[in-house]
Amino acid sequence: MIIIPTALFRIATFPGVVIGVFTRRLVCWLLHIPVYKTAYFSAKAMYRYLWYTPPGTGKTAALFMLSFWIDVLLGAFILLPASLTVTVMGFPKMETWRMLTLLLQLWFGFSILMQAIPSRAELDELEAQVVGNREAPWGMKLLCGPLYFLLRILDWGRVVFLDVAFAFGVMMLTRYIAITYFLRGL
């Protein structure tokens, strides 16, 4: 098995790290959660990039759900043109500038999707505030529970590159939806 240090992984996917922190910061602003410090990319803050006041149960759920779905949709929309281009044109037939643009698009989209999965510390906070909290409303637990368990599995699966498989699966799903429903006549 290949083991990649976390620091090297974060450097390789730095567009996803920066966009992930930006979306969490944006959601904190929308939910009126006070943020003390933001590190968009820092070697010292390898695991935590956003320091904020711990919100209540509802805001914690909204913070993680909204930031995850914003990152997934953004990564999918960035990858969609690249995946359709590869489907239609193929790699060998492209000019050099198109190939570089395509590879840059793939790198940005994959890194955003790979970093959309919250860290273990963030998932622990979601568990303490919502999923494992006996005082949290049942509706909120039902809303957050399935996504929490999916994200926990993806987080554990980072060791075997399950986040790469997640990013590839989202890319293929958006490509399939675009071809099936929107580009049927082309």
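## Reading the helices and loops of a predicted model

Student: What makes the reach of helix α6 close to the expected one?
Tutor: This is a predicted model. In it, α6 covers residues 138–156, which is 19 residues. From first C-alpha to last, α6 reaches 26 Å.

Student: Where in α6 does a kink lie?
Tutor: At Cys144, shortly before the proline Pro146. The kink is about 35 degrees.

Student: Which residues of α6 are buried?
Tutor: Among them are Lys141, Cys144, Gly145, Leu147 and Tyr148. Leu151, Arg152, Leu154 and Asp155 are buried too. Buried means under 20% relative accessible area. What covers these residues includes α3, α5 and α7 (162–182).

Student: How do you know that the span of helix α4 agrees with its number of residues?
Tutor: Helix α4 (residues 96–115) has 20 residues. At 1.5 Å a residue, they should span 28 Å. The end C-alpha atoms are 28 Å apart, so the two values agree.

Student: Why is Thr13 called buried?
Tutor: The cut-off for buried is under 20% relative accessible area. Thr13 has 6%, so Thr13 counts as buried. Thr13 is found in the loop between α1 (6–12) and α2.

Student: Which residues is Thr13 in contact with, leaving aside neighbours within four places in sequence?
Tutor: Ser111, Met114 and Gln115. These three are also on the list of buried residues of α4. That list includes Leu102, Leu106, Gly109 and Phe110 as well.

Student: Why is His32 called exposed?
Tutor: Exposed means over 50% relative accessible area. His32 is at 67%, so His32 counts as exposed. His32 lies in the loop between α2 (14–30) and β1 (35–38).

Student: What is the phi of His32 near?
Tutor: Near 60 degrees, a positive value in a residue other than glycine. Most residues other than glycine have a negative phi.

Student: At what angle do α3 and α5 pack?
Tutor: Helix α3 (residues 57–88) and helix α5 (residues 120–131) pack at about 145 degrees. Their axes are 9 Å apart. The crossing is left-handed.

Student: Which residues make the contact?
Tutor: From α3, Thr57, Thr60, Ala61 and Phe64. From α5, Glu122, Glu125, Leu126, Gln129 and Val130.

Student: How many residues of each class does the contact of α3 with α5 have?
Tutor: Four nonpolar, three polar and two charged. Ala, Phe, Leu and Val count as nonpolar, and Glu counts as charged.

Definitions and conventions: Residues are numbered from 1 along each chain as its sequence is written. This is a predicted model: local features need pLDDT of at least 70, side-chain atom pairs count only at pLDDT 80 or more; totals for chains, interfaces and linings use all residues. Side-chain values use heavy atoms; hydrogens and water are left out. Axes are lines fitted to C-alpha atoms, for helices over the stretch in contact, and angles run from 0 to 180 degrees between N-to-C directions. Helices (H or I, at least four residues) and strands (E, at least two) are DSSP runs, numbered from the N terminus. A crossing is left-handed if the near helix is turned anticlockwise from the far one by less than a right angle, and right-handed if clockwise. Contact means heavy atoms within 4.5 Å. The expected span of a helix is 1.5 Å times one less than its number of residues. The bend at a residue is the angle between axes fitted to the seven residues ending there and the seven starting there. Buried means under 20% relative accessible area, exposed over 50%, partly exposed in between (1.4 Å probe, protein chains only).
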